Amino acid sequence: MEVKVNGPGNGDCSSRLVDGPTNPMVTPLLTDLYQFTMAYAYWKAGKQNERAVFDLYFRKSPFGGEYTVFAGLEECIRLIANFKFTEEEISFIKKSLPSSCEDAFYKYLREIDCSDVEVYAISEGSVVFPKVPLVRVEGPVAVVQLLETPFVNLINYASLVATNAARHRFVAGKSKLLLEFGLRRAQGPDGGISASKYCYLGGFDATSNVAAGRLFGIPLRGTHSHAFVSSYMSPDEIKDKSLRSSDGSRTCEDFLSAAQMWLNKIQWLPSLHGIFGETNQSELAAFTSYALAFPSDFLALVDTYDVIRSGIPNFCAVAMALHDLGYQAKGIRLDSGDLAYLSREARKFFMTIEKEFGVPGFQNINITASNDLNEETLDALNKQGHEVDAFGIGTYLVTCFTQAALGCVFKLVEINNQPRIKLSEDVSKVSIPCKKRTFRLYGKEGYPLVDIMTGENEPPPQVGERILCRHPFNESKRAYVVPQQVEELLKCYWSGKSGKTAECLPALKDIRSRCIKQLENMRRDHMRKLNPTPYKVSVSAKLYDFIHFLWLNEAPVGELQ
């Protein structure tokens, strides 16, 4: 599949053609059976075309944090833009439902699409918070019900892993290169592809996943493994030892000997005396062979045998031989051991080489670290002090090891213009009824202060206006806010046949830029790992009163005997 840009990022994209989902398994059948049983029951009762409004949101931010990155919207739009049952799918549904279901229901399924559906959503890549609708879906109740499971599926993991990536970026800092290396440990091919896409969205710089690079235009990174190094047993295995200089003006006929000569020079440096003796010669052969293959992109994995006594000296010898021919080595990778200590020692070694041999920039050679890294190890490395320039992160990142799911829900909030509420003894599970608008209010320093939900027909908050923001369920939690900027969050991304203007789907790199900008604009205390300050999510005074009126109206009254 080609890398595609879905629209220019502005203007009206209501009538454009939209590609199908990235994953061919995302079809109208990617849903739970009870969506079809409900659709049949709606149809049987003649309710299938009643206009319904559903909110998709989550109840608690993941990883013990206070923010989430919203992702997965584009794939939802791709699904509904191409939502149509095939005859084979209809046949399978018919076999799966009870035989008592009438044939006319399957005729109804053949005819439905999402032309009468409207989707309003927060822009993908935005920082979002619990209870606030990420997506509002309006349309015939039976059709929208069929969209519930795929929408939750497409947004749940995407937002979770994008948030995990953003958290790793926050700990690592802006200056470090973050590489996603998780494909081999991801939950299946789709988990690997999705992880690469949404880790990039969340702030990572590149991936090792070649398929994701092709699909989404994500930069690729990777060199070699320990197997490549240990596959060499002797320098004699290198047959063609010649290497042309970078400008093509001359050829070194025996590059291996040049590297061995440099290793000998390095060994005799007084400033490095006693640090290492004889290095592993098969490792030197492997590094030399790799440099012959990629003289402009030489980056070596230096911990196959011994980092300090073999890997780094061998790397420097090959790097200096490349320098003589006009090439500049890219760097090293550390995949085991005390990464803070080893990175500092490697940097000292590089500084010595630059000083002793007068090679400008050698001390700045890139140091990449991998080896089951996560938020905690990045934080520990920062506290210990390290010289790592790039981190390759895999298992803990893509599997979201510390939290399995985000917990998105899809709740009916209105049908036939009548607000609906879902009650629970657990207040956190009580839904916020009716079709709503959502606004983000900013303070004088430019930071977001609070998200506020209002009824659809309420006047929107105005800059400079004193607004009462209320907790949806706790009457004592309330505050006045005078916003310096007001941003409406929900925008139309699928207008169906309504004729409304729909937003274009931006390119992945633009979504990533939005994510990075939004994260940078958050207050640090909301972002910190330990005891982050909760971000305030509120409702207007009018919506607060209506929620509690409807709650009392719908809750049964007990009777004591």
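This is a predicted model: local features need pLDDT of at least 70, side-chain atom pairs count only at pLDDT 80 or more; totals for chains, interfaces and linings use all residues.

Visitor: What is the volume of the second largest pocket, and which residues of its lining are the closest to its centre?

Guide: The volume of the second largest pocket is about 780 Å³. Strands β17 (448-455), β18 (467-470), β19 (478-481) and β22 (536-540) each give two or more residues to its lining. The lining has 28 residues, and the closest to the centre are H471, P534, Y535, K536 and V537.

Visitor: Which class has 14 residues in the lining of the largest pocket?

Guide: About 950 Å³ of space lies in the largest pocket. Its lining comprises 30 residues, and F181, S208, G222, T223 and R333 lie nearest its centre. Strands β6 (177-180) and β12 (366-369) each supply at least two residues of this lining. Sorted by class, the lining has eight nonpolar residues and eight charged ones, while the class with 14 is polar.

Visitor: How many cavities of 30 Å³ or more does a search of the whole structure find?

Guide: A cavity is a space where a 1.4 Å probe fits but cannot get out, whereas a pocket is open. With the limit set at 30 Å³ or more, the number of cavities found in the whole structure is two.

Visitor: How many charged residues are in the lining of the largest cavity?

Guide: The largest cavity is lined by D55, Y57, K131, P133, V413, S431, I432, K436 and M453. Asp and Lys count as charged, and the lining includes D55, K131 and K436. Beside five nonpolar residues and one polar residue, the number of charged residues is three.

Visitor: How many residues in the lining of the second largest cavity are charged?

Guide: The residues that line the second largest cavity are L73, E74, S123, E124, Y493, L505, P506 and I511. Glu counts as charged, and E74 and E124 are among these residues. The lining also has five nonpolar residues and one polar residue, and the number of charged residues is two.

Visitor: Why does the aromatic pair of Y40 and F105 tie together parts that are apart in sequence?

Guide: The rings of Y40 and F105 are 5.1 Å apart, centre to centre, with 90° between their planes, and the pair is edge-to-face. Y40 lies in helix α1 (residues 33-44) and F105 in helix α4 (residues 103-111), so the pair joins parts whose separation in sequence is 65 residues.

Visitor: Is Y40 buried or exposed, and is F105 buried or exposed?

Guide: A residue is called buried when its relative accessible area is under 20%. The value for Y40 is 12%, so Y40 is buried. The value for F105 is 0%, so F105 is likewise buried.

Visitor: Which residues form one aromatic cluster with Y40 and F105?

Guide: The count of aromatic pairs comes to 21. The residues that form one aromatic cluster with Y40 and F105 are W43, Y106 and Y108.

Visitor: Over the ring of which residue does the charged end of R512 sit?

Guide: The charged end of K265 sits over the ring of W262, 4.3 Å from its centre. For R512, the charged end is 4.7 Å from the centre of a ring, and that ring belongs to Y200.

Notes
Residues are numbered from 1 along each chain as its sequence is written. Side-chain values use heavy atoms; hydrogens and water are left out. Rings of Phe, Tyr and Trp (its six-membered ring) pair if their centres lie within 6.5 Å; planes under 30 degrees apart count as stacked, over 60 as edge-to-face and the rest as tilted. Helices (H or I, at least four residues) and strands (E, at least two) are DSSP runs, numbered from the N terminus. Buried means under 20% relative accessible area, exposed over 50%, partly exposed in between (1.4 Å probe, protein chains only). A charge sits over a ring if NZ of Lys or CZ of Arg is within 6 Å of the ring centre and within 35 degrees of the ring normal. On a 1 Å grid over the protein atoms alone, a cavity is a set of points where a 1.4 Å probe fits but cannot get out, and a pocket is an open set with protein on both sides within 12 Å along at least five of seven lines; lining residues have an atom within 4 Å of a point. Grid points are joined across faces, edges and corners, and a volume is the space filled by probe spheres set on the points.
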